[in-house]
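Please view the sequence and structure first, then read the points below.

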Amino acid sequence: MNSRAFRIFLHVLGCIGFMSVPILFSPDLNGSQNLFTIPPFQRDLFHYVLLIGFFYLNYFLLVPKFYFKRKFALFLTISFATLIIAEFLPAFFFPENRYDITKFPEDPVFSNTQGSFHLYMLANHFFQFLGMMLFSLFLRITAEWKKAEQEKLSAELSYLKAQINPHFLFNTLNSIYSLAIQRSDATASAVVKLSGMMRYVTTESQTEKVSLEKELTYISDYIDLQKLRVGNTVDVSMNVTGNTQYKKITPIILIPFVENAFKYGVNPEEESKIVIDITVEGNTLKFRVANKKVHIDYGAGSKSGHGIPNVHQRLDLSYPGKHTLKITDNDKEFIVDLEISL
């Protein structure tokens, strides 16, 4: 059951439970007469129907149109008018010469008279009405707060994705440029791979979740493209185990670690090695990237980047409480161990 269907189910269940109150607490429940033919019960039941109507009127119209726009006077005026309607409309449709007050208990404040009973019922209805107004107001404010949080998260994720794309494009264009300078026959193949990868970045990555298989194909293409550039100067291996079918993952969430390994773990003059292990166990993805540390001449300011800090933020936004990330950084190697509950 999706979240929308579940919310509808809860609303229906709540309405049924609320409408059962006048039945369960009716003083005529155990009598021989049919409840639905007794005017006081008819009025009470109709009053509860009007309360439910006010709840949804307040939730869908009054709160967003007036309360949220700080038109408090108009909001209270309409609410008060609705209270008056809810109080007197049942008596109009189900009139009776007098209230049956014989079943009402003695009370030191309200004497057992028709006027006192009217006053008691008016106060009772007022607090019921007030409770409905406050409850609908609370639910609407909570819903708007969750919506605002979701929009904020979506905006932050879009911003973080936008940071990734130029970084990726810069790296891959450098790779193709290197091939073109060498007049390599692999240049055309690299352009085709880049075209497919950029299509993935500009279309698939804009969705909330993508197929895990597509994400792994993207990583594999990236590695192939990098191999064309570095040749045999680096030992790169990518191993995938487990069932990757029908699994979904946040797009472009793994590639920054692979990019980082190529950026800081490859030196043609040294023995360079990158190992990527991907294991799927049920709904758990285990991702490991390890690269041998080599000497890199970063130059002035070229060491800075968004890669790792960016993916930290994206993981926190996309998988709060559903991931663990461990980074091992020592003198010989740099290792990333990521585990995600998909």
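**Charged pairs, core and confidence**

Lys-286 has a relative accessible area of 34% and is therefore partly exposed, a class lying between buried (under 20%) and exposed (over 50%), computed with a 1.4 Å probe on protein chains only. The model is predicted: local features need pLDDT of at least 70 and side-chain atom pairs count only at pLDDT 80 or more, while totals for chains, interfaces and linings use all residues. Residues are numbered from 1 along each chain as its sequence is written, and side-chain values use heavy atoms, without hydrogens and water.

Salt bridges
- A salt bridge places a side-chain nitrogen of Lys or Arg within 4 Å of a carboxyl oxygen of Asp or Glu, and the count is 6.
- Lys-286 pairs in this way with Glu-281, with the closest N and O atoms 3.4 Å apart.
- Asp-337 and Arg-288 also form a salt bridge, at 2.9 Å from N to O.
- That pair links strand 7 (residues 333-341) to strand 5 (residues 284-292), its members being 49 residues apart; strands are DSSP runs (E, at least two residues), numbered from the N terminus.

Nonpolar core
- The largest nonpolar core has 43 residues, among which Val-258 and Phe-287 touch the most other members.
- Such a core is a set of buried Ala, Val, Leu, Ile, Met, Phe, Trp, Tyr and Cys residues joined through side-chain atoms within 4.5 Å.

Confidence
- The mean pLDDT (the predictor's confidence in each residue, from 0 to 100) of the protein chain is 79, and 80% of its residues reach 70 or more.

Note on methods:
Helix = DSSP H or I, 4+ residues; strand = E, 2+ residues; numbered from the N terminus.
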